[in-house]
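My notes follow in the order I looked things up.

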Amino acid sequence: MHETKWHLLFESTASLKDSLIENRVGRKQIKDKSFCIVLSKGELYAFDESCPHANKSLFGGACDDNHVICPIHKFKFNLVTGKGHGLSLQTHLIKCEGDQYFISFNT
């Protein structure tokens with residue numbers, strides 16, 4: 001059985017804003033796992049880096065209307081559900097405690 005653990009993503013709102021450009025897909029490494037992150041309409045989203053369509057990196061892609069757009073084939077996936085094109089992108093929960101941001105993933 002896997003246990004969900006919370007991992008520090010950003011030390012503060014200032015470091016979050018210094019690291020990301022609104023609606024541009026960024027990348028964050030935690031331990032041996034790489035995630036894509038995006039700030040869209042003031043909300044922070046996280047998802048696995050690989051596009052489920054062709055296993056290409058979503059890093060450098062864009063966001064539009066609550067969807068991440070794959071930079072390779074322009075497939076769109078919902079930032080909340082991960083659904084798109086009959087496929088599903090693995091999304092991850094984010095929480096803010098005080099001024100710190102955490103991401104959850106199974107270990």
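This is a predicted model: local features need pLDDT of at least 70, side-chain atom pairs count only at pLDDT 80 or more; totals for chains, interfaces and linings use all residues.

**Entry 1**

I started with strands S3 and S4. Strand S3 covers residues 33–40 and strand S4 covers residues 43–48, and they pair in the antiparallel sense over six bridges.

Then I widened the view. S3 and S4 belong to an open sheet of four strands, in the order S2-S3-S4-S10, with antiparallel pairing. At the edges I found strand S2 (26–30) and strand S10 (91–92), each of which pairs on one side only. As a reminder to myself, strands of a sheet pair through backbone hydrogen bonds, either parallel or antiparallel.

**Entry 2: the three-stranded sheet**

Next I looked up the other open sheet, where three strands run in the order S5-S6-S7, again with antiparallel pairing. Its edge strands are strand S5 (62–64) and strand S7 (76–78), each pairing on one side only. I noted an average twist of 30° from one strand to the next.

S5 and strand S6 (residues 67–69) pair in the antiparallel sense over three bridges. One bridge I followed has Ala62 partnered by Ile69 in S6.

**Entry 3: positive phi**

Most residues other than glycine have a negative phi. Asn66 goes against that, with a positive phi of about 60° although it is not a glycine. I found Asn66 in the loop between S5 and S6. Asn66 counts as partly exposed because its relative accessibility is 29%.

Asn23 is another one: its phi is near 65°, a positive value in a residue other than glycine. Asn23 is found in the loop between helix H1 (13–19) and S2. At 26% relative accessibility, Asn23 is partly exposed too.

**Entry 4: salt bridges**

How many salt bridges does the count come to? I got three.

I took Arg27 and Glu49 to begin with, whose side chains meet in a salt bridge at 3.3 Å, N to O. Arg27 lies in strand S2 and Glu49 in the loop between S4 and S5, so this pair ties together parts that are 22 residues apart in sequence. Is Glu49 buried or exposed? Glu49 counts as buried, at 14% relative accessibility, the cut-off for buried being under 20%. Arg27 is partly exposed, with a relative accessible area of 41%.

The side chains of Asp48 and Lys33 meet in a salt bridge at 3.5 Å, N to O. Asp48 lies in strand S4 and Lys33 in strand S3, so the pair ties together parts that are 15 residues apart in sequence. Lys33 is partly exposed, with a relative accessible area of 26%.

I also logged the salt bridge between the side chains of Glu97 and Lys95, at 3.0 Å, N to O. Glu97 counts as partly exposed at 44% relative accessibility, and Lys95 is partly exposed with a relative accessible area of 26%.

**Entry 5: His73**

I looked up His73 in the loop between S6 and S7. With a relative accessible area of 37%, His73 is partly exposed. Which residues does His73 touch, leaving out those up to four places away in sequence? I found His53 and Ala54. The side chain of His73 also makes a polar contact with the side chain of His53, at 3.3 Å.

For a sense of distance, I checked His73 against Phe102. They are 29 residues apart along the chain, and their C-alpha atoms are separated by 30 Å.

**Entry 6: Ser104**

My last stop was Ser104, which sits in strand S12 (residues 100–106). Is Ser104 buried or exposed? Ser104 counts as buried, with 6% relative accessibility. Not counting residues up to four places away in sequence, Ser104 touches Thr4, Lys5, Trp6, His92 and Leu93.

How values were computed:
Residues are numbered from 1 along each chain as its sequence is written. Side-chain values use heavy atoms; hydrogens and water are left out. Two strands pair if DSSP finds at least two bridges between them. Helices (H or I, at least four residues) and strands (E, at least two) are DSSP runs, numbered from the N terminus. Axes are lines fitted to C-alpha atoms, for helices over the stretch in contact, and angles run from 0 to 180 degrees between N-to-C directions. Buried means under 20% relative accessible area, exposed over 50%, partly exposed in between (1.4 Å probe, protein chains only). Contact means heavy atoms within 4.5 Å. A salt bridge is a side-chain nitrogen of Lys or Arg within 4 Å of a carboxyl oxygen of Asp or Glu. A polar contact is a pair of N or O atoms within 3.5 Å; within protein, one must be able to donate a hydrogen and the other to accept it, and residues adjacent in sequence count only if both atoms are side-chain atoms.
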